[in-house]
Amino acid sequence: MNDSDEGISEAALQAANDVWVVVSRLRRRLTALGGEGGLSPSQASVLRRLGKDGPASASDLAVVERVRPQSIAKIVTALEEAGLVERHPDPGDGRRQLVTLTALGHERRSGDRRARERWLAQALQERGTPEQVEAVISAMALLDEVAQS
């Protein structure tokens, strides 16, 4: 342990490291499952963000996605051509347009999430005992509490 770790138990440090590693690995695995049906990772990311955060301007999307405005313009255009998003005037600033999910975009977004959840549920059921699955539920409650603190 170093000076900044003083007062933190070895078990808590190990748990923090394990959570970090497993969450990163699990995120990569869930991303690799696809489900985006022909969307690039960048397009899928914008679709997920709009589904989670709601309407946004292209410039706001570029900032949060950490891409150039020209890149986000191409991504939004491709999603628009696929019928997954549409643009509407910003009610607060008529000079800006907001990108929103269409009904098809919402459907696509929720279908992708359900597919990933089903895969994870199946994997937990196949690899874990009922007690281990219950332990995961308890651990998730603790992690959620930590995340919200």
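Me: What is the handedness of the crossing of helix 3 and helix 4?

Reply: The crossing of helix 3 and helix 4 is right-handed; a crossing has that name if the near helix is turned clockwise from the far one by less than a right angle, and is left-handed if anticlockwise. The model is predicted, so local features need pLDDT of at least 70 and side-chain atom pairs count only at pLDDT 80 or more, whereas totals for chains, interfaces and linings use all residues. Residues are numbered from 1 along each chain as its sequence is written, and side-chain values use heavy atoms, with hydrogens and water left out.

Me: Why is helix 3 called roughly perpendicular to helix 4?

Reply: The axes of helix 3 (residues 58-65) and helix 4 (residues 69-81) cross at roughly 110° and come within 9 Å. Angles of 65 to 115 degrees count as roughly perpendicular, under 35 as roughly parallel, over 145 as roughly antiparallel and the rest as oblique. Helix 3 is therefore roughly perpendicular to helix 4.

Me: Which residues of helix 3 and helix 4 meet?

Reply: Ala58, Leu61, Ala62 and Glu65 of helix 3 meet Pro69, Ile72 and Val76 of helix 4, where contact means heavy atoms within 4.5 Å. By class, six are nonpolar, none is polar and one is charged.

Me: What makes helix 1 and helix 5 oblique to each other?

Reply: Helix 1 (residues 10-32) and helix 5 (residues 103-127) pack at about 125°, with axes 10 Å apart. The two helices are therefore oblique to each other. Their contact is made by Leu26, Arg29, Leu30 and Thr31 of helix 1 with Arg116, Trp119 and Leu120 of helix 5. This contact has four nonpolar, one polar and two charged residues.

Me: What is the angle between helix 2 and helix 5, and how is their arrangement described?

Reply: Helix 2 and helix 5 pack at an angle of about 100°, their axes being 10 Å apart. Helix 2 is therefore roughly perpendicular to helix 5. Leu47, Arg48 and Gly51 of helix 2 meet Gly105, Arg108 and Arg109 of helix 5.

Me: How many residues line the largest pocket?

Reply: The lining of the largest pocket holds 42 residues, of which Val23, Leu26, Arg27, Leu30 and Leu120 lie nearest its centre. On a 1 Å grid over the protein atoms alone, a pocket is an open set of points where a 1.4 Å probe fits, with protein on both sides within 12 Å along at least five of seven lines, and lining residues have an atom within 4 Å of a point. Helix 1 gives the most to this lining, with 12 residues.

Note on methods. Axes fitted to C-alpha atoms, helices over the stretch in contact; angles between N-to-C directions. Helix = DSSP H or I, 4+ residues; strand = E, 2+ residues; numbered from the N terminus. Nonpolar A, V, L, I, M, F, W, Y, C, P; charged D, E, K, R; others polar.
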